[in-house]
Amino acid sequence: ALYLERLCSWPGLGLRRLSKKELSILAALKNISSSDTAKIKKIERTTRHDVKAAEYFIKERLSATTLRDLREFVHFALTSEDVNNFAYALMLSRALSAGPLPALRRILAELRERAVAHADTPLLARTHGQPAVGTTFGKEFAVFAARLSRQISLIEASRITVKFSGAAGNYNAHHAAFPKADWPAFARGMAAAAGKGLEIPLEPSPLTTQIEPHDTYAELFDAVRRANTVLLDLCQDLWRYISDELITQRRVEGEVGSSTMPQKINPIQFENAEGNLGLANALFSFFSAKLPVSRLQRDLSDSTVERSFGTAFAHSLIAYSSILEGLRRSAVDGNRAAKTLDLHPAVYAEALQTILRRHGFKDPYEVLKELTRGRTVTRADLTAFIGGLDAGPEAKEEMLKVISRPYIGLAPELARSVGRPGKGKHAR
């Protein structure tokens with residue numbers, strides 16, 4: 001419909017202008033009924049070609065209107081890919097704006113809220129699964145917020161390229177029929193008109209074969225896949241915090257956690273999300289690897305693959321919904337988290353050896369290693385160790401002050417930074 005409308009208004013073609021009534025007839029073609037779809041499928045049983053079936057259906061519709069004289073321009077000079085690549089581009093852009101992007105932004109908002117709320121909540125950081133140093137729950141939420149914000153920005157900055165240049169990308173048929181027309185300009189206008197108002201814009205692809213190369217599809221899918229990977233990482237960390245009882249889950253009346261163990265509240269939201277994210281990413285990875293590859297000027301192996309786009313986005317949306325539900329049904333146990341950090345005073349070893357380095361103490365790392373590695377030490381052990389050091393009173397006072405409070409560095413400030421205006425596109 002848009003193509004025929006623009007053909008009739010394009011200079012150099014000599015086609016008649018359409019009336020307002022005729023424009024409304026074309027506009028009505030955008031909203032076909034289920035019975036219309038059945039008619040197209042019936043035609044397709046004969047043509048064995050979906051786009052040709054749609055063309056015949058439209059021409060039949062126009063034959064009963066004042067547009068009957070323009071029926072042969074419905075699919076003028078086009079190949080099916082000229083139609084399909086625009087359709088998929090529009091569907092992808094609209095689908096992202098309607099579902100995945102709003103859901104990702106809601107998750108980002110939840111993470112930022114928790115980052116600020118728990119900016120000062122001490123937490124034992126683990127590297128290689130072992131007690132390492134102190135951090136805060138807010139700072140760890142902020143890490144995921146910052147990572148997700150970056151990936152959302154990359155999705156928002158995506159562009160989807162489209163082509164309208166015929167059977168081999170050279171405007172052969174267009175130029176043969178109307179050699180004086182500026183067909184590349186026409187294609188640019190089509191992209192602008194079709195993509196008007198889209199959050200993920202359409203851009204013309206000036207150099208193609210019969211098919212649009214799908215490189216921008218791969219870029220877009222890779223961006224969504226990276227966002228999903230960030231969230232998969234989040235799910236696994238939250239699962240571990242729940243397992244360690246540092247995050248509690250809200251009991252919901254009537255729910256069952258196990259068919260045999262009445263006491264259980266399982267972290268099923270994050271487990272469900274992890275599975276769906278993995279499945280979605282497997283599809284996105286396949287799309288990105290498969291779609292930019294086509295033999296010579298065209299093969300049809302991309303066509304059936306494109307019909308599975310919705311499956312990948314559906315699994316992503318299920319995961320996003322599960323994550324949001326899981327976040328809203330869980331809470332940080334700040335007291336237990338602080339106690340866990342307090343029970344591992346060996347984490348101060350890093351701070352103490354670093355302070356001693358600054359004061360010129362000989363081999364401070366080795367001294368602290370001998371005291372703490374593979375051993376259980378208490379805060380009293382550290383106090384006694386500091387008192388017995390051959391170090392000046394200033395150094396000792398500094399170290400005693402450090403071990404008197406949670407060893408969390410700048411974690412609170414870093415956590416709060418994700419909620420400050422001007423800290424990135426999504427800091428609102």
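Colleague: How many helices and strands are there in the protein chain?

Modeller: The protein chain of this predicted model holds 19 helices and six strands.

Colleague: What share of the residues counts as buried?

Modeller: Burial is judged from relative accessible area, with under 20% as the cut-off. By that criterion, 46% of the 428 residues of the protein chain are buried. The accessible surface comes to about 22300 Å², and carbon and sulfur atoms make up 54% of this area.

Colleague: Which part of the contacts joins residues 24 or more positions apart?

Modeller: Among contacts with a separation of 6 or more, such pairs account for 76% in the protein chain.

Colleague: Where do the mean positions of the positive and negative charges lie relative to each other?

Modeller: The protein chain has 59 positive and 47 negative charges, and their mean positions are 6 Å apart.

Colleague: Let us turn to the strands. In which sense do β1 and β2 pair?

Modeller: A pairing is read from its bridges and its direction. Strand β1, residues 122–127, and strand β2, residues 130–136, are antiparallel and joined over five bridges. Leucine 124 has glycine 134 of β2 as its bridge partner, while threonine 127 is bridged to glutamine 130 in β2.

Colleague: Which residue takes a positive phi in the hairpin of β1 and β2?

Modeller: That residue is histidine 128, with a phi near 60°; the hairpin has two residues between the strands.

Colleague: Finally, a helix. Which residues of α15 are buried?

Modeller: Helix α15 covers residues 348–358, and its buried residues are Tyr348, Ala349, Ala351, Leu352, Gln353, Ile355 and Leu356.

Colleague: Against which helices do the buried residues of α15 pack?

Modeller: They pack against α16 (364–372), α17 (379–388) and α18 (393–402).

Key:
Residues numbered from 1 in each chain as written. Predicted model: local features only at pLDDT ≥ 70, side-chain atom pairs only at ≥ 80, totals over all residues. Heavy atoms only, no water. Helix = DSSP H or I, 4+ residues; strand = E, 2+ residues; numbered from the N terminus. Buried < 20%, exposed > 50% of the residue type's maximum accessible area, 1.4 Å probe, protein only. Contact = heavy atoms within 4.5 Å. Areas by Shrake-Rupley, 256 points an atom, 1.4 Å probe, with all protein chains shown as cover. Lys, Arg positive; Asp, Glu negative; His and termini not counted. Charge placed at Lys NZ, Arg CZ, Asp CG, Glu CD. Pairing = 2+ DSSP bridges.
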